[in-house]
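Visitor: I would like to learn how to read a structure like this one. Please take me through its features in turn.

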Amino acid sequence: MQIIHTIKELREWRKQAGKVAFVPTMGNLHEGHLALVREAGKRADNVVVSIFVNRLQFGQGEDFDKYPRTLQQDTDKLADEGVAVVFVPDEKELYPNAEQRYNVELPYLQNELCGKFRPGHFRGVATVVSKLFNIVEADVACFGKKDYQQLAIIKGFVEDLNFNVEIVPVSTSRAADGLALSSRNQYLSETERAEAPRLYRELQAAAAKLQADNVAYTQIEQAAIKNLTQAGWTVDYVEIRHAESLEVARVGDKHLVILAAARLGSTRLIDNLETLLIL
């Protein structure tokens with residue numbers, strides 16, 4: 001396994017690499033990341049994983065400075081998975097100017113759901129992912145469904161801007177109690193960690209209600225918000241959306257996704273659950 005730090009060196013390697021699958025990460029790798037890596041390995045001759053904590057996607061007061069950086073542990077895990085290249089650029093390599101002068105601008109979706117609470121976040125994600133796509137020139141890129149809105153936005157700009165890469169969604173990896181795996185889970189106290197699976201249980205309860213007749217979507221959303229709030233959570237949103245477009249769900253839509261974001265103590269957790277209605 002090679003650890004590459006510069007764009008020039010990666011592009012030289014790419015010339016002889018055959019079919020490449022790509023997994024962009026911010027490091028601090030857990031089993032969810034490794035599931036992406038394994039899926040990538042099924043689809044190409046070589047797997048490239050990037051590790052870069054992207055300042056552009058962090059807002060004021062967010063955890064950019066304290067975001068866990070565990071490069072040695074990460075590279076050890078990736079070597080065990082048979083990854084060909086780990087791309088670890090520093091900030092100056094990806095953003096050589098004093099500030100990023102050109103960014104990927106996104107439609108209304110960037111300001112809804114998580115975007116409403118994290119202004120500019122998805123523009124930062126789209127900009128760095130676009131740069132990485134252009135650098136790696138991967139044939140396939142794997143993204144987790146846990147970040148459902150992010151996945152929808154990446155699929156959208158890849159289509160609209162004609163990036164020559166296949167986006168492969170990978171199911172959310174969960175702990176035995178249902179909590180979606182996330183690097184930020186380590187911020188949770190022992191008590192908070194025991195409480196955290198409630199978020200997924202509320203999504204499951206909401207999905208069950210969706211299968212019942214004559215249950216208003218807003219009623220389902222508000223019930224989940226109430227339950228979480230009463231359990232000590234600070235809820236950003238629980239919303240039912242069309243699973244493909246992420247537009248507000250309408251009566252008659254079959255493929256839905258329930259998305260939620262809420263804080264437990266100082267830790268913000270997100271999760272979602274797709275459901276196919278039997279009408």
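Predicted model: local features only at pLDDT ≥ 70, side-chain atom pairs only at ≥ 80, totals over all residues.

Visitor: Into which domains is the protein divided?

Guide: Domain bounds come from an automatic or database domain assignment. Here the assignment gives domain 1 (2-170) and domain 2 (185-272). Taken over C-alpha atoms, their centres are 26 Å apart. Contact means heavy atoms within 4.5 Å; 18 residues from domain 1 and 16 residues from domain 2 take part in the contact.

Visitor: How is the area buried between domain 1 and domain 2 read?

Guide: Buried area is the accessible area (1.4 Å probe) that two parts lose on being put together, summed over both. Between domain 1 and domain 2 this comes to about 1,500 Å², with carbon and sulfur atoms giving 57%. On the side of domain 1, L113, F117 and Y148 supply 42% of the area buried against domain 2, more than any other three residues.

Visitor: Which polar links are counted between domain 1 and domain 2?

Guide: A polar contact is a pair of N or O atoms within 3.5 Å; within protein, one must be able to donate a hydrogen and the other to accept it, and residues adjacent in sequence count only if both atoms are side-chain atoms. There are 6 residue pairs in polar contact between the two domains, both residues at pLDDT 80 or more. Helices (H or I, at least four residues) and strands (E, at least two) are DSSP runs, numbered from the N terminus. In these terms, α5 (114-117) and α7 (148-160) each supply at least two residues of the side of domain 1 that touches domain 2. The most comes from α7, with 3 residues. For residue classes, Ala, Val, Leu, Ile, Met, Phe, Trp, Tyr, Cys and Pro count as nonpolar, Asp, Glu, Lys and Arg as charged, and the others, Gly among them, as polar. That side of domain 1 has 9 nonpolar, 2 polar and 7 charged residues.

Visitor: How many salt bridges does the rule find across this interface?

Guide: A salt bridge is a side-chain nitrogen of Lys or Arg within 4 Å of a carboxyl oxygen of Asp or Glu. The rule finds 1 across the interface of domain 1 and domain 2. Elsewhere in the list of pairs, the side chains of E112 and R241 form a salt bridge at 2.7 Å, N to O.

Visitor: Is F58 buried or exposed?

Guide: Buried means under 20% relative accessible area, exposed over 50%, and partly exposed in between (1.4 Å probe, protein chains only). F58 is in the loop between β3 and α3, and its relative accessible area of 11% makes F58 buried. Not counting residues up to four places away in sequence, F58 touches M26, V53, D63, F64, Y67 and R184.

Visitor: Where is N272, and what does its side chain reach?

Guide: N272 is in strand β9 (residues 267-276) and counts as buried at 6% relative accessibility. Its side chain reaches the backbone oxygen of K145 at 2.9 Å. Beyond four places in sequence, the contacts of N272 include K146, Y148 and R174.

Visitor: Is T218 buried or exposed?

Guide: T218, in helix α10 (residues 217-230), counts as exposed because its relative accessibility is 53%.

Technical notes: Residues numbered from 1 in each chain as written. Heavy atoms only, no water.
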